[in-house]
Amino acid sequence: MAMAKLVAVAILVLMATSMVLVQGMNHVEGGYHLDSARYGSGSLKIYQCPSQCNRRCGRTQYKKACLTFCNKCCRKCLCVPPGYYGNKGVCPCYNSWKTKEGGPKCP
């Protein structure tokens, strides 16, 4: 009986600890910490756009097109999402700029 109580207490402690850790974490997507102070509209200066777009477009086979549109979007939004793909939710301007056809303009 004592062993069952000990196991139950241990399980409760583990659950409580995991809940605290999850609540304390920022949203993580694709292995990047999506910190709104580091990313988000206005988080960059215009001179930082080329290096951030080189990072963003580093793994695409369409590098020239990616760099062209990424730099255009960065100059307008002053933001480039983290990672090589996705994570656009941290840059609302970057995420909402669409082509005439309704597709995403920013890579």
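1. A search of the whole structure finds zero aromatic pairs. A pair here would be rings of Phe, Tyr or Trp (its six-membered ring) with centres within 6.5 Å, sorted by planes as stacked under 30 degrees, edge-to-face over 60 and tilted for the rest.

2. This is a predicted model, in which local features need pLDDT of at least 70 and side-chain atom pairs count only at pLDDT 80 or more, while totals for chains, interfaces and linings use all residues. Residues are numbered from 1 along each chain as its sequence is written, and side-chain values use heavy atoms, with hydrogens and water left out.

3. The chain has four helices and two strands, in the order α-β-β-α-α-α from the N terminus. These elements are DSSP runs numbered from the N terminus: H or I of at least four residues for helices, E of at least two for strands.

4. Of the 107 residues in the chain, 25% are buried. Buried means under 20% relative accessible area, exposed over 50% and partly exposed in between, with a 1.4 Å probe and protein chains only. The chain exposes about 7600 Å², and 63% of this comes from carbon and sulfur atoms (Shrake-Rupley method, 1.4 Å probe; for residues, only the protein chains shown count as cover).

5. Among contacts (heavy atoms within 4.5 Å) between residues at least 6 apart in sequence, 55% join residues at least 24 apart.

6. M3, L6, V7, I11 and M15 make a nonpolar surface patch of about 500 Å². Such a patch takes residues with over 30% relative accessible area and no salt bridge, nonpolar side chains (Val, Leu, Ile, Met, Phe, Trp, Tyr) being joined within 5 Å; a salt bridge is a side-chain nitrogen of Lys or Arg within 4 Å of a carboxyl oxygen of Asp or Glu. I11 belongs to helix α1 (residues 2–24) and is partly exposed, at a relative accessible area of 45%.

7. C73, in helix α3 (residues 63–77), is buried because its relative accessibility is 0%. Beyond its neighbours within four places in sequence, C73 contacts L78, Y94, W97, K105 and C106.

8. K105 lies over the face of W97, 5.3 Å from the ring centre. The criterion is NZ of Lys or CZ of Arg within 6 Å of the ring centre and within 35 degrees of the ring normal.

9. L78, a residue other than glycine, has a positive phi near 55° and is partly exposed at 25% relative accessibility. N87, also not a glycine, has a positive phi of about 60°, but N87 is buried at 6%.

Technical notes: Patch = residues over 30% accessible without salt bridge, like charges linked within 9 Å, V, L, I, M, F, W, Y side chains within 5 Å.
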